[in-house]
Amino acid sequence: LLDNNIKRNNKLIAVGGGIIQDITGFVSSILLRGVEWIFYPTTLLAQSDSCIGSKTSINVDDFKNQLGTFYPPQRIILDVNFLKTLTLTDMKSGLGEIIKVHLLDGEKSLEYINSHYEQAFSDPAVVKDLIFRSLMIKKNIIEKDEFDKDYRNIMNYGHTFGHAIESVSNYEVCHGQAVTMGMDIANYISLKMGMLLDEPHEIMREVLLKNYPDYSLRREQLTSFLTALTKDKKNVDENLSAILTEGWMQY
Ligand SMILES: NC(=O)c1ccc[n+]([C@@H]2O[C@H](COP(=O)([O-])OP(=O)(O)OC[C@H]3O[C@@H](n4cnc5c(N)ncnc54)[C@H](O)[C@@H]3O)[C@@H](O)[C@H]2O)c1
């Protein structure tokens, strides 16, 4: 871009999923101390989740999101027609984040995603509805804590373990399905710590299992899984930070 003489009044236009978004947003934020950018999200994950919230992140070596800024696009243009060409895995990746915000939003939203999950693969009206619902839930959360100092951390539900799964699987497991496994792990730990009762654990598990990847962690991956957990940027000092749950809307 510099070789091509980019000026501060030029705009970058990103057409793609979360990775294109992260790269374009990050580059826009540091280029000439900030140029404007416009985003056309083309994956379910980017349309229902990542397109709002301002975060830009870049991986370093094998570890996720080590560099980043807050830098929203000036405009976001959503068109569900883009989703027609997505693979089943990429649909499930988006559904992982959609399930996450519906779980965060409480029992009614959980029932809603549980009863509409299958239709999301075939009915554009249902997908549109789920995208809108997810963006509204996310908007309400980030408006309370735009720069991720406190409350917004609940959006990281499933992500501590999810990022480690992405990393040890060498990104064979897509982001949203890794987050799905991550939420299940967080719920299991919550159950074992006596924070979460059996019934909500089972109800949440029912919807999470629908969106599981076809991938199992092997025993010999344990050390690299634990190393990846230590790289999570939510960690403070020696401690591992993760979002756990006490049940409906208690994260
Ligand atoms: N910045 C944020 O706030 C934020 C939030 C959540 C996730 N993320 C990041 O987003 C990334 C995941 O995003 P993603 O799921 O969009 O993945 P992605 O950007 O890797 O896209 C997934 C795949 O779909 C292809 N693709 C994109 N649009 C398509 C279309 N319309 N039809 C067919 N194929 C298409 C891409 O080429 C790619 O192969 C992760 O790296 C995650 O960390 C960022």
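Biologist: Are W37 and F39 buried or exposed?

Modeller: Both W37 and F39 are buried, where buried stands for under 20% relative accessible area, exposed for over 50% and partly exposed for what lies in between, with a 1.4 Å probe and protein chains only. This is a predicted model, in which local features need pLDDT of at least 70 and side-chain atom pairs count only at pLDDT 80 or more, whereas totals for chains, interfaces and linings use all residues. Residues are numbered from 1 along each chain as its sequence is written, and side-chain values use heavy atoms, with hydrogens and water left out.

The structure holds four aromatic pairs. One of them is formed by W37 and F39, whose rings are tilted, with 5.8 Å from centre to centre and 35° between the planes. Another joins Y117 to F121 in an edge-to-face arrangement, with centres 5.3 Å apart and 70° between the planes. Here rings of Phe, Tyr and Trp (its six-membered ring) pair if their centres lie within 6.5 Å, and planes under 30 degrees apart count as stacked, over 60 as edge-to-face and the rest as tilted.

Turning to salt bridges, a search of the whole structure finds eight of them, each being a side-chain nitrogen of Lys or Arg within 4 Å of a carboxyl oxygen of Asp or Glu. In one of these, K100 and E97 bring their closest N and O atoms to 2.9 Å. The two residues are separated by about one helical turn, because they stand three residues apart in helix α3 (residues 88-105); helices (H or I, at least four residues) and strands (E, at least two) are DSSP runs, numbered from the N terminus. K100 is buried, with a relative accessible area of 2%, and E97 is buried as well, with a value of 2%.

E118 and K210 form a further salt bridge, at 3.8 Å from N to O. This pair links distant parts of the chain, 92 residues apart, with E118 in the loop between α4 (107-116) and α5 (124-144) and K210 in helix α8 (residues 198-210). E118 is partly exposed at 46% relative accessible area, and K210 is partly exposed at 24%. In the salt bridge of R218 with E220, the N to O distance is 3.1 Å; R218 is partly exposed at 46%, and E220 counts as exposed at 61%.

I13 belongs to strand β1 (residues 11-16) and is exposed, with a relative accessible area of 55%.
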